[in-house]
Amino acid sequence: MGLERPDDPYARRALDDRGALPGQKVVAVSPDYAENVKFADEWVASAPGTDGALAMAMGHVILKEFFVDQQVDFFTQYNQRYTDLPFLVSLEPDDADPAAAEDGPAFRPGKYVVAGDLDVPEASSENAMWKPVVLDARTDDVAVPQGSLGFRWGDEGLGRWNLDLGGIEPVLSLLDTATESVRVVLPRFDTADGKVAHVSRGVPARRVGGRLVTTVLDLMLAQYGVARDGLPGTWPASYDDPSTPATPAWQAEITSVPAEQVTRLAREWAQNAIDTGGRGMILMGAGTNHWFHSDQLYRAMLVLTTITGCQGRNGGGWGHYVGQEKVRPIMGFQHMAFALDWHRPPRHMNQTAYWYVNTSQYRYDTFTADDVDAGTGAFAGKGVMDLLAQSVRLGWTPSYPTFNRSSLVLADEAEAAGMAPADYVVDQLKSGALRFAVEDPEAEENHPRILSLWRANLLGSSAKGNEYFLKHLLGTDNAVTARQAPPEKRPEGIEWPEDVPEGKLDLLTTIDFRMTSSTLFSDVVLPAATWYEKHDINTTDMHPFVHSFNPAIAPPWQSRTDWEAWKAVAKRFSELAVDHLGTRRDVVAKPLWHDTPEAMATVHGVVKDWRHGECEPVPGATLPVLAVAERDYPAVYEKMTSVGPLLESVGMLTKGVPYEVAREVDILRARNGTATSGAGSGQPRLDTDIHMADAILHLSGTTNGHLATHGFRNVEKRTGTTLHDLAAEHEGKQVTFADTQVAPVPVITSPEWSGSESGGRRYAPFTINIERLKPFHTLTGRQQFYLDHDWVLGMGEALPVYRPPLNMTELFGETALGEQNALGSRSATSPRTTSGRSTASTRTTSSCSRSRAAGRRSGCPTSTPRRWGSGTTTGSRRSTATASSRPARSCRTGCPRARSTCTTRRTGSSTCRSPSATASEGESTTPSPGS
């Protein structure tokens, strides 16, 4: 077990309970001597942000000793069936390095070879361009295994979306049957200046359908520097060769972990997987998520669990701990929370892109997309905003507001023009009369106007770039000192007015029971009931139970439960809507969704942009899906407090699985009663929070055995394998809110999740995929190491690769690690977990008080040095011990907060110092050890 998060409660329990698990070894990977380290059997003291290099070196050892020097049946059989290692990839000529031509032709990894590329019977089959192929050892010819994305959709795939190889024996490597060996140019990012470089390594290849191909495993061995006889290229001499990725000696110079330790741990990991049938687990936490190339860190670690057959095993695989954010009864939750019983599709938005645009942070981004991509050239001449805008107009990601005209107005204009709304929008986009709002975010018509925060402390806690929120979103006092990007660093496809708006919002409301930074800045604060003053449910993926919240007392004073607060808002809104809105048609631009046929929109991952004339704008293919929803605004309250008719007329859909729920809706009618008037007349009532909690539980397979069994039977039609028995033992079980009030209730195995709890076993992800041959939701239907999308290939990330932390010296001119300047040495600090989780703090606590060293508080300097000629430190790295800039408001104890620092202790007392007093006294504003 590799433990990466110091405060992981699961890790502590595992460490404390080792007496019950004889033979278990716990290895802690942590840059500091943290809580998890002192209980572990072994400490791997890896430098911060270098987990990827460590994992790749372990992968190098495992691939060499257990895939090349010997073949282990357990690993071979697992990877033939459950991973993409045997799938064929085309090799494309590479002319990027003419100087290396003297070594012979060079190639680069290309696209998966699919049935539609070849002269095979399956070439004319349905979705042939989404059916990757392998080489069959029995026939020495290509074969099309079942289970890929092409089998998931359409009539021809019924009963064939499964991982049954049907007699096919996939070849993992072409070494024994290759007709030639060729050099492949692979990227490396471990250079001193942080720029991409390349290494040339050979792979065995052969011709298939006129294409030069190899397997994913052959490419993986080249990527990991595992040499084999007869292959050309640059290879490490031994494990002790530090000159080239990914040897133990190479990683030692990056991570500071001894090569011998990494080699031994890799052997132990692989041998343990063989001896236990895959019971090796890596626990990850938020630590790796704090690094820019976190996805590459994850991929390198997941290689270890996957090639050794640990995924989909109880006691094996990976455990991801970054808070208990998963919703077990997800189907009921998503349909109720997003009103899918009344209107579809919903409007969803990813927060990172939303705030990057609407707080104008993109204007201060002084790096091109190619700068942060290490100069690969994939995004030459483009800014990050250019890529975001392109992903929006191609339908890859949502963006709201979507267009530079109201979606209601667009529907009215389409009707006046006698056109279908989708056709009208396409026509307007092609002519340039209509644009996506993200392409001109500073235009007044594209500003967000109302923001409602519901139990979320956005400002001062969750916000990344908080001062930009204060300046551009709220228009209040701020400490933005950064300069906007110069002309040569600006995005090319985004309007760039010189005058930047400040204060885009008209109204900020917050519902919370805490006095947070966000409530202090809000125009309206609605007092909320706490966890002990309301009915609610709590579920996570960390344990198998549904819990209830039950009020110990009624909400005091003017506070209300979340449900009652939003009901009051909805009721008043509905009253006002009679005169101001009425019933309108609304054009919704929905992005292309995973787990739908829309996932097959971009064949071979080839990116074509209609804006540049490379293709036609087609909704649902090269544009977002353009749907129309009718909004009866005066009926919002009536709809909120009743279950809508779409559940019965259309059904429910979760993760691509359809459900018929007329029976469930009738049960809710009998249980809750029905609305007697209005839009919800005859529909089940949702008057109370208990009604809503019951509806969520009743409309999810995890808490309704009938739905779980019904869902599995529908999946069986597609897979052709038996699945319904996983839930059959609980087919008559229906968890109600009243049940959870008696005691926590275990959940039921459901198609909503990939793990099985059938027979009382504990949940482990992907066990259904492994044990019941249900495909993974990927292109190949397997766990994929290789990604062939144009952007990913261009970035050099088709395979797992070590991407070091951003070069702060190169990009920002910061002092190199270990060196000193007027501010002292630069070092990595603890993650900002305290501020993010605190219910009292309204400012960032000093990192000195957050460091966790075996439970002891580390020392802290008693003063904050300043740069010469500056009153405070500059940019986004402003010290928390210096003065903070806030609006001239008062904290809870009444002291003036403008240009001062507040330290509030848990006892309720507070001390305030002006910046000048703090500097003159030479004291830190860091709370004392007892605060």
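**Figure 1. Strand β9 and its surroundings in the predicted model.** Strand β9 (residues 197-208) has nine of its twelve residues buried, so the rest of the structure largely encloses this strand. The model shown here and in the other views is predicted. Strand β8 (residues 180-188) runs antiparallel to β9 and is joined to it by nine bridges. One of the bridge pairs links L186 with V199 in β9.

**Figure 2. The hairpin of β9 and β10.** Strand β10 (residues 211-215) is antiparallel to β9, with three bridges between them. R207 has L212 in β10 as its bridge partner. Two residues lie between the strands of this hairpin, and G209 in the turn has a positive phi of about 60°.

**Figure 3. The largest nonpolar core.** This core has 74 residues, and I62, L63 and L91 are those with the most contacts inside it. Helix α2 (residues 51-68) contributes eleven residues, the most to this core. Leaving aside neighbours within four places in sequence, L91 is in contact with residues including V182, V184, V203, A205, L212 and V213. F107, R108 and P109 are also among the contacts of L91, as are T214 and L219. In soluble globular proteins, nonpolar side chains tend to be buried together.

**Figure 4. An open sheet of three parallel strands.** The strands of this open sheet follow the order β13-β14-β15, and their pairing is parallel. Because β13 (450-454) and β15 (524-527) stand at the edges with a single partner strand each, one side of each has no neighbour in the sheet. On average, neighbouring strands are turned by 15° against each other, direction ignored. Four bridges pair β14 (residues 507-512) with β15 in the parallel sense. T509 has V524 in β15 as its bridge partner.

**Figure 5. The contact of helices α9 and α22.** The axes of α9 (residues 330-337) and α22 (residues 689-698) come within 6 Å and cross at roughly 130°.

Technical notes: Residues numbered from 1 in each chain as written. Predicted model: local features only at pLDDT ≥ 70, side-chain atom pairs only at ≥ 80, totals over all residues. Heavy atoms only, no water. Pairing = 2+ DSSP bridges. Axes fitted to C-alpha atoms, helices over the stretch in contact; angles between N-to-C directions. Buried < 20%, exposed > 50% of the residue type's maximum accessible area, 1.4 Å probe, protein only. Core = buried A, V, L, I, M, F, W, Y, C linked by side-chain atoms within 4.5 Å. Contact = heavy atoms within 4.5 Å.
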